[in-house]
Every structure is written in structure tokens, then in C-alpha cells.
Amino acid sequence: MDQQTIEKTEEQLLFNHQRYPYASQRSAMYSKRGMVATSQPLAAQAGLDILKKGGNAIDAAIATAACLTVVEPTSNGIGGDAFALVWTKGKLHGLNSSGPAPQGISADALRERGYEKIPKFGWEPVTVPGAPAAWAELSRRFGKLPLTEALKPAIAYAEEGYPVSPVLGNYWNKAYHAYKKAQKHNEFQSWFDTFAPNGRAPEIGEVWRSPGHAATLREIAETEAESFYRGELANQISAASEAEGGFLRKEDLAAFYPEWVEPIKADYKGYEVWEIPPNGQGIVALMALNLLKEYDFPEIESAERYHKQIEAIKLSFMDAKKYVTDTTHMKVTADALLSEEYAEERRQLIGEEALLPEPGTPPKGGTVYLAAADEEGNMVSFIQSNYMGFGSGIVVPDTGISLQNRGHDFSLDEDHHNCLCPGKRTYHTIIPGFLTKDGKPVGPFGVMGGYMQPQGHVQVIMNTIDFGLNPQSALDAPRWQWMEGKEVLVERSVPQHIAEELVRKGHDVKVAADGGAFGRGQIIWRNSETGVLTGGTEGRTDGAVAAW
């Protein structure tokens with residue numbers, strides 16, 4: 001073999017980052033003292049390091065979440081929202097840290113700018129970010145270590161840099177081209193300065209750093225997020241918005257505080273499945289499970305199981321998309337949507353053929369996910385997001401703060417339940433999940449990915465409860481996603497005969513080229529007798545379980 005051939009072979013071995021020609025098996029992870037599972041290995045390890053320094057699962061979740069804004073900026077950022085379910089001292093707590101629309105925005109104001117619907121990019125869809133407030137509030141109420149300690153790993157990665165991982169690099173490149181195509185004037189220039197400093201997205205394996213991001217995280221840590229909402233960082237965000245014609249102002253930031261909420265649940269075959277109440281879409285998963293709990297499925301790979309799951313999700317989504325918004329604006333209660341009476345009424349619509357769903361009439365009345373657990377029994381289900389990838393494409397200059405485009409989900413139709421109003425929180429896609437049995441914790445779970453999230457929750461929970469799969473296998477199982485009408489997207493690993501039978505039942509089945517559309521999940525279960533933790537992570541991303 002000549003020298004040129006040897007060099008070429010070495011280059012292929014070292015730099016062919018995305019060629020995995022053979023199926024591989026990932027085993028569930030077991031540990032006793034602590035565990036962190038998330039979509040990026042460096043962030044998972046950061047959380048584990050905090051556990052080893054004497055922090056609890058809440059501290060580990062904060063560290064991991066902050067770190068994810070640096071090491072997976074394609075899915076979340078400092079300028080995004082967050083939700084958490086926290087099991088501690090025998091009780092499950094819910095935190096809603098989703099921010100509202102600015103007080104200065106309105107449907108009329110956007111129509112005056114020529115919009116018929118809220119755009120994906122720019123300042124118009126930017127809502128008040130909730131993530132930094134979530135970190136500070138969780139630390140204040142349940143943490144053992146100061147916020148300055150929890151955010152150290154994220155600050156270090158932002159200052160010193162890290163090599164870009166494979167799935168991350170792929171999405172980063174897609175985002176670069178999307179913003180390049182969408183850019184008008186210089187509205188995305190700060191995004192390019194921060195996330196494409198060499199005139200392109202960083203390549204897989206290339207080291208990327210963000211000093212402005214590090215400085216912002218340090219400021220958040222030292223002021224317990226006060227600077228972000230009522231200090232110098234708030235002034236910088238507000239000034240950038242005002243200069244570019246945005247609606248967000250420092251008064252909007254100053255008025256924001258996270259809200260502790262009572263989680264909602266569905267009883268499913270001897271277990272309790274918990275979600276954050278609206279404005280989140282976790283209620284979609286619970287409504288679907290309410291419909292499905294009366295069915296028995298003898299085997300996991302059966303067309304009947306797929307068909308009924310899809311039909312239940314359709315019906316649940318149609319109701320949620322009509323009725324779910326900020327709870328102060330909802331005309332139907334979560335209890336009504338989750339009532340046995342309403343579930344039975346909707347269940348009667350599920351037949352042998354695919355249906356075109358419509359909302360019912362209830363009785364009156366690009367995201368990152370992480371799971372963390374410690375040996376004291378604390379467990380956290382945490383999710384945060386900029387919504388669509390990097391979000392709005394707006395980055396506050398010199399800060400690394402990429403702002404979410406969550407407001408894109410508002411409607412400009414004044415008769416719609418989720419119509420844009422000043423100070424209103426929109427229908428929200430990100431949802432953490434938690435499982436208990438007989439009032440005792442089983443553990444946190446989640447599947448990130450827009451409207452795939454409640455569909456993923458239903459699938460992994462049924463994989464666990466109905467079919468007895470361990471966390472890793474529950475995540476590895478083939479997935480489907482209902483898109484609209486009768487259209488269903490399935491993974492290539494869904495057996496061909498099942499796809500064919502679904503077509504015969506009237507479904508418009510499309511096979512996806514890759515797994516990116518089917519969400520990215522994590523699970524940690526605890527054995528109530530031994531305390532042993534079992535974790536699974538997502539093979540559809542750069543996921544990892546860090547255990548101790």
C-alpha cells in the first residue's frame with residue numbers, strides 16, 4: 001500500500017463522521033448514586049460532575065440545561081423557555097417558565113406591518129425568554145449548590161470551546177443555510193457573527209467557542225438571573241429590540257417570574273402519567289392515553305396498535321389545537337378535556353378506518369430534554385427550547401443570547417382561542433413527562449421535537465407499560481408521527497407489512513429518509529426497592545447517559 005493510499009485511509013477513518021453502515025445495539029445504563037441523560041454527551045457529563053461535587057439532581061439538571069445552550073445551540077439557547085417536573089421529598093412539583101408576548105405587540109400591530117400570520121424569523125415572534133429564570137428558581141427552591149457552581153461547566157465550554165458533535169454539526173449547517181436564505185437587511189448579522197464566525201457553520205469535530213455566551217452565563221450566575229430580567233442584560237436585550245423595530249422591552253422582562261403549577265395526570269393501566277398543564281401540549285399525550293387505556297394490544301409490532309395510537313393522537317391534537325392556550329384565556333378546562341365522560345365520547349370515533357379528525361365539544365367546566373436523578377431520591381424532568389432550531393435568528397449582539405421564535409404559534413385570528421394578545425402565553429410544544437405508580441416515583445421521561453413530543457410520550461409510555469420494554473428499548477423502538485389529515489410519517493424500521501396494512505386502513509403513509517423527524521428522548525427509571533437507576537438515551541441524536 002503506497003503512502004497516498006495510507007493517508008487517504010487514515011483521513012476516512014478520522015473524518016468520515018456520519019457514515020455508520022451497520023446496525024448497533026445500545027444497552028440500558030444502570031447506576032446507583034446518580035444519573036443524567038440528555039441529547040449531548042458533554043452536557044450529560046457536566047451534570048454528573050455537579051452530582052460528584054455534592055450537588056443534587058436539581059443542581060445537575062440546571063448545570064446540564066445551561067451547558068446545552070452552549071454545546072447544542074441548534075435546539076435551545078439562553079433566550080428560550082423551559083418547563084420542569086421535580087420529584088423531591090415525596091411530592092411532584094411543576095414549573096412553567098414560558099414567557100408571554102410583549103405588552104407592546106398585538107394582532108393589529110402585526111397586520112399593520114403587512115403580516116397575515118406571525119413570521120418564523122425576526123423580532124416579531126420573539127417572546128419573553130423563561131429559561132434563565134427557571135434555572136435560578138429551581139436553584140433557589142431545591143438546589144444544594146449556588147448557581148455560580150452549577151453554571152461553571154457551561155461557562156467553561158463557552159470560553160474554552162468544544163468539538164462539534166455529528167448530529168449537532170448537521171443541524172447547524174442546515175440552520176446556517178436557512179438563515180442565509182431568509183435574511184433581510186442585516187437582521188441576522190449577530191447570529192452569523194456568533195454562530196458562523198468563519199463565514200460558515202462550524203464543521204463536525206471543529207472547535208467552536210463563544211466568549212459573549214460565557215460572559216452572559218457568568219452574569220446570570222452571579223446575579224441569580226436578576227441581570228437578565230431587571231439589570232444590565234435586560235437593558236441590552238431591550239436596546240437591541242428597540243433598535244431593530246422589535247416589540248420586546250425591559251418592562252416585559254422585569255415583569256416576568258416563573259410559575260409553580262400543579263401537574264396534571266392520566267391514570268394508565270396501573271400507572272400515573274404526569275405532564276405540565278396548559279399552556280403546554282402535554283395534555284395531548286394524556287388525552288390520547290385516556291382513549292387508549294381501554295384497549296389491549298397483545299404484541300408491539302401490530303398494525304392495530306399503530307392504527308389506534310394514530311387515531312387517538314389525531315383526536316387529541318384537534319382538541320388541543322382548538323382549546324389549549326394560556327390558562328387565563330382558556331374557555332375549556334384541562335379537567336374537562338381529561339374527563340372519563342369526554343374520553344368515552346371521543347373513543348367511539350375510533351374505528352377500523354383512518355378518520356379525518358375534527359375538534360369535539362368537551363363538557364363545560366429544531367428543543368432539548370434532560371432527565372436527572374440522585375441517590376437521595378430527587379428526580380428531574382426538564383425541557384427547554386428556542387422552538388424552531390436556533391429560534392428567531394435574532395442574537396443580542398456580543399451576548400450569545402439567541403432568542404426564541406415561540407410567538408410564531410400565536411394566531412392572528414381574533415376568534416381563535418390562541419389569538420395573539422399582549423402579555424399572553426402561547427400554546428407551547430415543549431413538555432417534560434414523569435411516571436409514578438401508586439403514588440411512588442418511577443421516573444422522568446421526555447421526547448423532544450415540536451409536535452412530535454406528545455406523540456413520542458404516548459409511544460414510549462406504551463412501550464414501557466403495555467410491552468415491558470426497558471428504557472433503552474422503549475426509545476429504540478420504531479416510531480411514527482401523525483402530520484395532518486390522514487398523513488402519517490413512519491421510520492424505515494417500521495415493518496413493511498405494517499405500513500401496508502395501515503395504507504389499507506386508509507392512512508396516507510410516508511416513509512422518512514432519516515430519524516430526525518421522530519424526536520429525541522431520554523428516560524430514567526428508579527427501582528423503588530433497590531434504588532437502582534436504569535437509563536436510556538436516544539440513538540437518533542448524539543445522546544448519552546452519564547452515570548455514577
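Reader: Which strands does helix α3 lie across?

Author: Good place to start! This is a predicted model, and in it helix α3 (residues 57-71) lies across β2 (34-38), β3, β10 (368-374) and β11. The helix runs at about 155 degrees to β10.

Reader: In what order do the strands of that open sheet come?

Author: First the general idea: strands of a sheet pair through backbone hydrogen bonds, either parallel or antiparallel. Here, seven strands form an open sheet in the order β7-β4-β3-β11-β10-β2-β21, and the pairing is antiparallel. At the edges are β7 (259-261) and β21 (544-547), each of which pairs on one side only. On average, neighbouring strands of this sheet are turned by 15 degrees against each other, direction ignored.

Reader: Over how many bridges do β3 and β11 pair?

Author: Strand β3 (residues 81-88) and strand β11 (residues 379-385) pair over seven bridges, in the antiparallel sense. To find the place by eye, look for Trp-87, which stands opposite Met-379 in β11.

Reader: Where does Asn-463 lie, and is Asn-463 buried or exposed?

Author: Asn-463 lies in helix α18. It counts as buried because its relative accessibility is 3%. Leaving out residues up to four places away in sequence, Asn-463 touches Ile-300, Gly-468, Leu-469, Ala-474 and Ala-477.

Reader: Let's turn to rings. How many aromatic pairs does the structure hold?

Author: A pair of aromatic rings is described by the distance of the centres and the angle of the planes. This structure holds 25 aromatic pairs. Take Trp-172 and Phe-195: they are 6.1 Å centre to centre with 65 degrees between the planes, an edge-to-face pair. Trp-172 lies in helix α8 (residues 166-182) and Phe-195 in helix α9 (residues 189-195), so the pair ties together parts that are 23 residues apart in sequence. Both Trp-172 and Phe-195 are buried.

Reader: Why is the pair of Phe-195 and Trp-208 called stacked?

Author: Planes under 30 degrees apart count as stacked. The planes of Phe-195 and Trp-208 are at 15 degrees, with the ring centres 5.5 Å apart, so this pair is stacked. It links Phe-195 in helix α9 to Trp-208 in strand β6 (residues 207-208), 13 residues apart. Trp-208 is buried, as is Phe-195. Ring pairs also join these residues into a cluster, whose members include Phe-121, Tyr-157, Trp-172, Phe-195, Trp-208 and Phe-390.

Reader: Which residue lies over the face of Phe-192?

Author: That is Lys-180, at 5.1 Å from the ring centre. For another case, look at Arg-305: its charged end sits over the ring of Tyr-306, 4.1 Å from the centre.

Reader: How many salt bridges does a search of the whole structure find?

Author: Side chains of opposite charge can pair when their charged atoms come close. The search finds 28 salt bridges. In one of them, Glu-124 and Arg-113 meet at 3.1 Å, N to O. Both lie in the loop between α4 (107-112) and α5 (131-142), 11 residues apart. Glu-124 is buried, with a relative accessible area of 13%, whereas Arg-113 is partly exposed at 40%.

Reader: Which helix holds both Arg-230 and Glu-226?

Author: Helix α11 (residues 226-230) holds both, four residues apart, about one turn of the helix. In general, an α-helix has 3.6 residues a turn, so residues three or four places apart point the same way. The side chains of Arg-230 and Glu-226 meet in a salt bridge of 3.0 Å, N to O. Arg-230 is partly exposed at 31% relative accessibility, and Glu-226 is partly exposed at 38%.

Reader: Which residues are linked in a network of salt bridges?

Author: Glu-304, Lys-308, Glu-352 and Lys-505 are linked in such a network.

How values were computed:
Residues are numbered from 1 along each chain as its sequence is written. This is a predicted model: local features need pLDDT of at least 70, side-chain atom pairs count only at pLDDT 80 or more; totals for chains, interfaces and linings use all residues. Side-chain values use heavy atoms; hydrogens and water are left out. Two strands pair if DSSP finds at least two bridges between them. Helices (H or I, at least four residues) and strands (E, at least two) are DSSP runs, numbered from the N terminus. Axes are lines fitted to C-alpha atoms, for helices over the stretch in contact, and angles run from 0 to 180 degrees between N-to-C directions. Contact means heavy atoms within 4.5 Å. Rings of Phe, Tyr and Trp (its six-membered ring) pair if their centres lie within 6.5 Å; planes under 30 degrees apart count as stacked, over 60 as edge-to-face and the rest as tilted. Buried means under 20% relative accessible area, exposed over 50%, partly exposed in between (1.4 Å probe, protein chains only). A charge sits over a ring if NZ of Lys or CZ of Arg is within 6 Å of the ring centre and within 35 degrees of the ring normal. A salt bridge is a side-chain nitrogen of Lys or Arg within 4 Å of a carboxyl oxygen of Asp or Glu.
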